[in-house]
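Please look over the sequence and the model below before reading on. The briefing that follows takes up surface, salt bridges and interface in turn.

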Amino acid sequence: MSEFNVQQREHGEISVLDLKGYLDAHTAPKLEDAFQDLLAAARFNIIVNCRDLSYISSAGLGVFMAFIEEVRKNEGDIKLTNMTPKVFNVFDLLGFPLLYDITNEEAEAIRKFTEKRK
Amino acid sequence: MKWKRILALGGAMFLGVAILALDVVRSSVDIEIEGLLTARDILVLTAFFLLYLFLELSEKTRIEQTVKKLGLILVLSVVVTLVTTALLMFTTDISFEAKEGFLNPLSYKTVFAASFLNLGFSLLALLIFRFLRDLILYKRRRGTRRNLIILVVLMAATAASTMFLRPVDSGIVTSVLFGTAVIAMVANSFRLSWIVYLSKREKVFGLIYAFLLFGTLTVLNVMTQTGLLNQILLYYSHPLKEIVGQTLLFGNIYAGMAFVSTLFHLPTAEAFEKKTTEISSLHTLGKLVTRVFDFNELLDTVTTMTLQVCEAKACWIEIVHQGEGEEGKADPGAVYEYRSKVRSCRLRVAGLRNIRSEEIELLLPFGESSMRDEIFLEPKPVVVDDIAADERINTNRKKGIRQGSMVVVPLLSHDEVIGILYAIKDTEQGFFKDDVDVVSAFADQATIAIENSRLIDKSLERERLMREMMLAQEMQKRLLPQSLPIFPTIQLDAVSTPAFEVGGDYYDVVQLEKERIGIVVGDVSGKGLSAAFYMSEVKGIFQSLSRIHSSPGTLLERANDVLSDSIDRRSFISLIYAVVDTRTGKLTLSRAGHCPMLHVSGNDIRYVRPSGMGLGLSRGKAFSDSIQEETLQLKPGDSCVFYTDGLTEARNGDDEFGYERLIDCARDFRNMDATGIKQSILGRVQSFSANQSLHDDLTLLVLKWVGKP
């Protein structure tokens, strides 16, 4: 079974999660923990960088669903960036682009966050 | 066997009578025949040997009640002594006349008395010999048997050496042989291992018996060597007298040695007995562990045995609860919450012996106690020499607790404390190292038993869950259509295989009105039981709403309204819904986050993908706005492939089956009928992921438009 990893970076007020590997029902709890830690630390501006994410299953998608409501309630957002076409297709099939801000580049997502603050 | 015995006894009796007859004749007529006495000696010894054979052929008994046998020999010796004394004292004119070194009886009475007494002494000697032989050979070692044979040979040789001597003579050879025989007797008398295994009571009796036997045999030995009895035995047969006399002497020495040895063994008798009980208890418990399924009964056995073996006054066991599973089995009053800095857990008190939980609460409060913390921190046995003075016990300094000592032993499984075994004695400093060892051994056995019992429970539980899963699987199979409707214009075929026992895939075909049918394929996020529940909910919603809303888009919107209320916020359902007019071949499609439908029309093969987000992702307008409908006209020979992501995501290593391969399939198989297309696609997917089992549910539905017949 392929591995899955979450790395956290700080970018001022913004937290970036770098996902790597294979996100499915087995590995989803790792991402859930990462989100929980961010919410506990009251960090609601979250960028999820999917550059190294090779696969996402419906259980993986469920993780984003679980947290988006609370994040937005606190005037933050979860923005998704740098998806490979294959991963984007999974998000797209389900209609995620209608619900989430998905950008090609991380810098773009950061810019959107900072613009909003001004 | 029986006739041999009769033959031996008969022969001995015949010879005895013959010798008696010969003696009677001899005493009345003075006959001198060369070698007569030697021949007579041979007859006597033959008779003696036949008697020995007779006894040997009778029942073979293993020594089990040694002390009882010792008592019997003692009684026999005393009887022989008394009878002999009485006979010699109260019967007059038994006397001999010594002439030329021979003894001549002066009356017939003397001859009869000699025969009788010799028979008695021979029997006694034989019984004593047999008894001693059995004792000596008990738990024999190499050489034990050899030493005994040497003794027998020496005794026989001593007897044989007297064959040619006159009764009153004694030869130097005989004396030397006799001396050597005595040494062999002493050597053999060190074989006393049977004493060790006697119980304390038996040892006390053995001590008395051995002492009395020693005394009696001493008296008998003195009697046979002096006075009239000496003459009677010598007269009858010098070799026989040697054999009898030596056997009595051997018995005497052995009894003396046995007495001394028993005396020394007496103080350790108790300890030895205790060790024996320990071993047998552990053995019993070991056997029990593999047999007993009743947890409580087992704990009771453990504490009862602990009580017996280390002679403790009270005993109990505390089990650390692991899961909720065992809760039901316990007496509800016997589980206590334990909360301390070291450990928080639930303790179940069980196997109480001579102590009530109220008293335990006084000694070691269930809520928290430094004694238990000590055990949890450093799991090794703790001995408390004085309960009253120990600061870990009765920390509240309440009055009325018992005095004495205590041992506390952890039950360790994989370095984890799964329970604690306690034993209390009512004397201070009552537990020594060997007691602690015993209690530890019991604790180990209890640990094994507890682990065993838990494993059994686990496997029973697993079996139960398996059965439930099988049931769920059966139920779910019935949620999918058992057969698909048949139309003149449309061919339909479908298959759905769950990756696990139950899945989250769903497909259905409903007849809406006379000429329209609805086809739905869906996938619930996640797998297993929760997915299966949502799936059955989807079926209910679809079955009821499809007949009300004729537009696929509207149906999806309503379905989303209903589902959003009940669905977990991290779950969602993808659905594709097509309404087909069986008269015209018009197909209207809506999609809620599901894999697009593949439309095959000759060489024109494309995915039909109207926009629409998954059910349960959002509600109200956001959802409604996302849903679109797409309509297409089917031409004869066209086919539509509906599927779930289990198909496109079927894996072979890191490679996925994907959308391109599905298009290739559709192209290759486009001229087949619906069943053929379904089978062929499935076959390709299966051979693609040959080495791997499905990691997701897979559903495939094929529609083929035949057109007007």
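B:Val79 lies in helix α3 of chain B, where helices are DSSP runs of H or I with at least four residues, numbered from the N terminus. This is a predicted model, in which local features need pLDDT of at least 70 and side-chain atom pairs count only at pLDDT 80 or more, while totals for chains, interfaces and linings use all residues. Residues are numbered from 1 along each chain as its sequence is written, and side-chain values use heavy atoms, with hydrogens and water left out.

**Nonpolar surface patch**
- Helix α3 (residues 66–90) of chain B gives the patch its largest share, three residues.

**Salt bridges**
- Over all chains the count comes to 36 salt bridges, each being a side-chain nitrogen of Lys or Arg within 4 Å of a carboxyl oxygen of Asp or Glu.
- One of them pairs B:Arg133 with B:Glu56, whose closest N and O atoms are 3.1 Å apart.
- This pair links distant parts of the chain, 77 residues apart, since B:Arg133 is in helix α4 (residues 108–137) and B:Glu56 is in helix α2 (residues 36–57) of chain B.

**Interface of chains B and A**
- In this interface 25 residues of chain B are in contact (heavy atoms within 4.5 Å) with 20 residues of chain A.
- The two chains bury about 1800 Å² between them, 54% of it on carbon and sulfur atoms, where buried area is the accessible area (1.4 Å probe) lost on putting two parts together, summed over both.
- B:Arg569, B:Arg570 and B:Leu617 supply 32% of the area that chain B buries against chain A, more than any other three residues.
- The rule finds one salt bridge across this interface, and the side chains of B:Arg609 and A:Asp92 meet in a salt bridge at 2.6 Å, N to O.

Conventions: Chains lettered and ligands numbered in written order. Helix = DSSP H or I, 4+ residues; strand = E, 2+ residues; numbered from the N terminus.
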